[in-house]
Amino acid sequence: MIKLIDKQVSKIAIAVLVGGLCLAQASYAADPAAEAKSDVTMKHQDSKDRVEARIKALHDKLKITKEQEPRFEAVAKVMRENEAAIHELAEARHAKEDASAIDDLKSYKEIAVAHVKGLEKLIPAFESLYNGFSDEQKSNADSVFGKFEGHEGHKGSKTDAPKESK
């Protein structure tokens, strides 16, 4: 579980860094203030839609049973709350028309911290759901979760390989 958290925090840090570079580049647009306000509104609906699609995909791929619905709904609720919190910070960030480079970096820090706080809420909710899974569902979840995050899954990694004896 610690490895998963470390990987997620690393992904967040990279995303924040890359996102900062992308937004710095975007600031050279013809009318950045108007574009930013328009983009935030469209992106919020897009991010809500992405979260809902992700929730549905997880529900389907994890093969949630009727008995597991309440715990899954707790996970979904946290996912929605996390999306809303990040959106609020992004809106505040884009509303600052006279932000300095330091202000910009601080706002990214706030977003990164919100991601970590979101994970801190998501992990116990998901752990409760996961602990109620059958062994087959746990194995499936381990595979699905890794692939869902864009890599080959948790099983079969170099750290899972048996150690050779000397």
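**View 1. Glu 52 and Arg 80 join side chains in a salt bridge.** In this predicted model, the N to O distance for the pair is 2.6 Å. The bridge links distant parts of the chain, with Glu 52 sitting in helix 2 and Arg 80 in helix 3, 28 residues apart.

**View 2. Glu 52, Glu 73 and Arg 80 form a salt-bridge network.** Arg 80 also meets the side chain of Glu 73, here at 2.9 Å, N to O. Glu 73 has a relative accessibility of 40% and therefore counts as partly exposed.

**View 3. Arg 93 and Asp 104 make a salt bridge.** The closest N and O atoms of this pair are 2.0 Å apart. Arg 93 lies in helix 3 and Asp 104 in helix 4, so the bridge ties together parts that are eleven residues apart in sequence. Buried or exposed, what is Arg 93? With a relative accessible area of 11%, Arg 93 falls under the 20% limit and is therefore buried. Asp 104, at 23%, is partly exposed.

**View 4. Helix 3 packs against helix 4.** Look at residues 69-95 for helix 3 and residues 101-131 for helix 4: their axes are 9 Å apart and cross at an angle of about 175 degrees. Since angles over 145 degrees count as such, helix 3 is roughly antiparallel to helix 4. What kinds of residues make up the contact? There are 16 nonpolar, five polar and six charged ones. Leu 119 is a residue of helix 4, and because its relative accessibility is 18%, Leu 119 counts as buried. Leu 119 and Met 79 are 40 residues apart in sequence, yet their C-alpha atoms are 9.1 Å apart in space.

**View 5. The largest nonpolar core has 18 residues.** Which members touch the most others? They are Leu 62, Phe 72, Val 75, Met 79 and Leu 129. Helix 2 (32-61), helix 3, helix 4 and helix 5 (135-148) each put in at least two residues, and helix 3 gives the most, with five. Zooming in on Phe 72, and skipping residues up to four places away in sequence, its contacts are Ile 55, Leu 58, His 59, Ile 64 and Leu 129. As general background, nonpolar side chains tend to be buried together in soluble globular proteins.

Conventions
Residues numbered from 1 in each chain as written. Predicted model: local features only at pLDDT ≥ 70, side-chain atom pairs only at ≥ 80, totals over all residues. Heavy atoms only, no water. Axes fitted to C-alpha atoms, helices over the stretch in contact; angles between N-to-C directions. Helix = DSSP H or I, 4+ residues; strand = E, 2+ residues; numbered from the N terminus. Parallel < 35°, antiparallel > 145°, perpendicular 65-115°, else oblique. Nonpolar A, V, L, I, M, F, W, Y, C, P; charged D, E, K, R; others polar. Buried < 20%, exposed > 50% of the residue type's maximum accessible area, 1.4 Å probe, protein only. Core = buried A, V, L, I, M, F, W, Y, C linked by side-chain atoms within 4.5 Å. Contact = heavy atoms within 4.5 Å. Salt bridge = Lys/Arg side-chain N within 4 Å of Asp/Glu carboxyl O.
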